[in-house]
Amino acid sequence: MSLLEEAWEEALEGFVAHQERQVVYLNPKAAQLLGVNREKVLGRPLILALRDHRLEALALHGGERLLEVRGHILLAKALPGRLYLLDQTETQRRLKDLEEAAETLAHELRTPLAGMGPLLEALTPRTRQEKEILDLLKAEVARLARLVEGLSPIRPGPQRPVALEEVWSRLEKLLAERLKGRRVEVHLPHALTTDPEALLQILLNLLDNALKYGQDPIRLLSRLEEGRLHLEVRDRGETLPEYESLFLPGRRGRQGEPGQGLGLHLVRRLARALGGEAYARREGEENVFGVSLPVD
């Protein structure tokens, strides 16, 4: 047995090799996750090993999906002739616990945040600079209130027509210090009717993700495609081994180390609450993190 074969025999990730819809090899971890005896499925039709038409379709056509299969939540990634299976069951359990803790935290923060708004309204600015600072504080309290709501089951706020350039103007002020010395290209010519605070949080998290882990130039852009508006932040960082799993908490970091936040996870929750979806992929030399939202 070669060193490579020994490595796959001991791997914590499931691996299935197939050719012409026949099983060529599967390692012990894949046999465990799929609940099969590998001696009995080697050389047999692929569906006998996978026993799931969703997994078979993925294996044959390629892609990456999170699927519940026979009591396991699996992150499945398919390349030509190869299917990789990573058990995410414990991660999903921790995610559920984390969401419950986040909802408790949101409950505790609502009361003090609700009191901050009226206090700020009671302040009277004496100069133009004080007024600008007060307006920024009010906007931040409103955004934090929306973020707190975002920690609970998402309920979109009031919708209105929003010019994306207006959102960028707010983002530029909030991230002024971090944008210094960075090359960020912005092309946001579109507008849509949506919850402006949720939209701000989405773009803030996407841009924060690129500023932390990506490489310049960073591009923030919008485009219309098939009746949906795509908002994307693109960076020149290195190719990442996985993209779909980055929407789980704490997955993107430097030099293979895990990230620490809920940023991309919250992006997906907010996008779905607005009737859209979040996505990440590699295009050419860029990592693309974005959302697609419905337009009227």
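Where does glutamate 226 lie? I found glutamate 226 in the loop between β9 and β10 (228-235). Before going on I noted that this is a predicted model, in which local features need pLDDT of at least 70 and side-chain atom pairs count only at pLDDT 80 or more, while totals for chains, interfaces and linings use all residues. Residues are numbered from 1 along each chain as its sequence is written, and side-chain values use heavy atoms, with hydrogens and water left out.

Entry 1: I looked up the backbone of glutamate 226 and read a phi near 50°, a positive value in a residue other than glycine. Glutamate 226 counts as exposed, at 78% relative accessibility. For the terms, buried means under 20% relative accessible area, exposed over 50%, and partly exposed in between, with a 1.4 Å probe and protein chains only. The names of elements come from DSSP runs: helices are H or I with at least four residues, strands are E with at least two, and both are numbered from the N terminus.

I then went to arginine 70, in the loop between β3 and β4. Arginine 70 also is not a glycine, and its phi is positive, about 45°. At 35% relative accessibility I put arginine 70 down as partly exposed.

Proline 217 sits in the loop between α10 (196-213) and β9 (218-225). I checked the peptide bond from aspartate 216 to proline 217 and found it cis, with omega near 0°.

**Entry 2: the open sheet.** I traced an open sheet of 5 strands in the order β2-β1-β5-β4-β3, with antiparallel pairing. Because β2 (22-26) and β3 (63-69) stand at the edges with a single partner strand each, one side of each is left without a neighbour in the sheet. Neighbouring strands of this sheet are turned by 25° against each other on average, direction ignored. Two strands pair if DSSP finds at least two bridges between them. I followed β4 (residues 72-79) and β5 (residues 82-87), which pair in the antiparallel sense over 6 bridges. Lysine 77 has tyrosine 84 in β5 as its bridge partner.

Helix α5 (residues 53-61) packs on the sheet and touches β1 (14-19), β3, β4 and β5. Its direction makes about 165° with that of β3. Contact means heavy atoms within 4.5 Å; axes are lines fitted to C-alpha atoms, for helices over the stretch in contact, and angles run from 0 to 180 degrees between N-to-C directions.

**Entry 3: aspartate 52.** I located aspartate 52 in the loop between α4 (46-50) and α5. Aspartate 52 is buried, with a relative accessible area of 12%. A polar atom of its side chain lies 2.8 Å from the backbone nitrogen of arginine 54. Leaving aside neighbours within four places in sequence, I listed Ile47 and Val69 as contacts of aspartate 52.

**Entry 4: strand β8.** In a regular strand the side chains alternate between the two faces of the sheet. Strand β6 (residues 160-163) pairs with β8 in the antiparallel sense over 4 bridges. Opposite leucine 192 in β8 I found valine 162.

Definitions and conventions:
Polar contact = N/O pair within 3.5 Å; in protein donor to acceptor, adjacent residues only side chain to side chain.
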